[in-house]
Amino acid sequence: MVFACSVSHTPGIRAWPDAPDTEIKEQLYKGFSVLRKKMLATEPETLLIISSEHFTNFFLDCMPAFTIGQAKEYFGPVEPWIKIKQGTTIGDPSLSKRLLDACYKDGIELAYSHEMKLDHGTMIPLSFLDPTRELPIIPLIINAMTYPMPTQKRCYELGKTLYKALKSEKKRVAVIAAGGLSHAPGEHTHGKIDAQFDREFIRLIVEKDVDTFTSFTDEELESRGLGTHEIRTWVTLAGVAKDLKATPLFYEPIPAWATGCGLLCYD
Ligand SMILES: [Fe+2]
């Protein structure tokens, strides 16, 4: 692994760029630009993007906890309204297979799929970090949508397993987590953001307080809005990047996008 970062993926970032305060939006876009420069400087060969399910690939007929993409290419975004040009990005099935095998050997039986589509959860970060879609990607999708969901501890364990797998990997891989922070999409509390919780969560990640950030219960997260379950993506990456220093680049509660938006980089 040569690069890692955690970001928010709320669709408004591209769909409604003029909705928030201009200065705050520019700070967020600038933060993404910093991440892009840092990432490109590490010359990654493949992007592993850890995002969350939004009923794009899976529904109640089958809802895996974790799914890794094994496809040769991925179409997206499925939502034309997010104002990101639709198209395909090539995959990296051979690296994905190696990661899958490493997970099985380490006791984590990920689901895998050769036919995954990309939604805003993957495309928002990709539109900033690799807008021309040149680098191969591997999507890894976590169920943060319907109960039961994997625990924070299990997400962190998956991250540690991926850490080991990537450590012995010759390929230069950038790992991006995309989700959260607090938001309540479509709920009666839609628009409610718990900035205090978000800032505390970021602090726990920075200080590597693993015991605390892996102990959040479903009830604690749901009380901040169901979308807050997506912090599982950040928790997973905290395991992948456990040896690296985490630096927050941006955080603001952005009511116009109904989400607490954060950016964090690992060095
Ligand atoms: Fe999401």
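Of the 267 residues in the chain, 53% are buried (buried: 20 or more other C-beta atoms within 10 Å of the residue's own; exposed: 12 or fewer; partly exposed: in between; C-beta atoms are placed from the backbone). The model is predicted, with local features requiring pLDDT of at least 70 and side-chain atom pairs counting only at pLDDT 80 or more, whereas totals for chains, interfaces and linings use all residues. Residue numbers start from 1 along each chain as its sequence is written.

**Figure 1. Overall dimensions and secondary structure of the chain.** The chain comprises nine helices and ten strands (DSSP runs numbered from the N terminus: H or I of at least four residues for helices, E of at least two for strands). Its C-alpha trace extends over about 45 × 40 × 40 Å along the principal axes. Among contacts with a separation of 6 or more, 83% join residues 24 or more positions apart (contact: C-beta atoms, placed from the backbone, within 7 Å).

**Figure 2. Packing of helix α3 against helix α5.** Helix α3 (residues 93–105) and helix α5 (residues 152–167) pack at about 125°, and their axes are 9 Å apart (axes are lines fitted to C-alpha atoms, for helices over the stretch in contact; angles run from 0 to 180 degrees between N-to-C directions). The two helices α3 and α5 are therefore oblique to each other (under 35 degrees is roughly parallel, over 145 roughly antiparallel, 65 to 115 roughly perpendicular, and the rest oblique). Their crossing is right-handed (the near helix is turned clockwise from the far one by less than a right angle; anticlockwise is left-handed). From α3, L99, A102 and C103 meet T161, L162, K164 and A165 of α5. The residues of this contact comprise five nonpolar, one polar and one charged (nonpolar: Ala, Val, Leu, Ile, Met, Phe, Trp, Tyr, Cys and Pro; charged: Asp, Glu, Lys and Arg; polar: the others, Gly among them).

**Figure 3. Packing of helix α5 against helix α9.** Helix α9 (residues 231–240) packs with α5 at an angle of about 40°, the axes lying 6 Å apart. This makes α5 oblique to α9, and the crossing of α5 and α9 is right-handed. Residues of α5 in the contact include C155, L158, L162 and L166, and those of α9 include V235, A238 and V240. By class, the contact of α5 with α9 has ten nonpolar, four polar and three charged residues. Nine of the ten residues of α9 are buried, among them R232, W234 and L237.

**Figure 4. Positive phi at R133 and K208.** R133, although not a glycine, has a positive phi of about 55° and lies in the loop between α4 (120–129) and β7. With 18 C-beta neighbours inside 10 Å, R133 counts as partly exposed. K208 is likewise not a glycine and has a positive phi of about 55°; its position is in the loop between α6 and α7 (210–213). K208 counts as partly exposed, with 15 C-beta neighbours inside 10 Å.

Conventions. Two residues are in contact if their C-beta atoms, placed from the backbone, lie within 7 Å.
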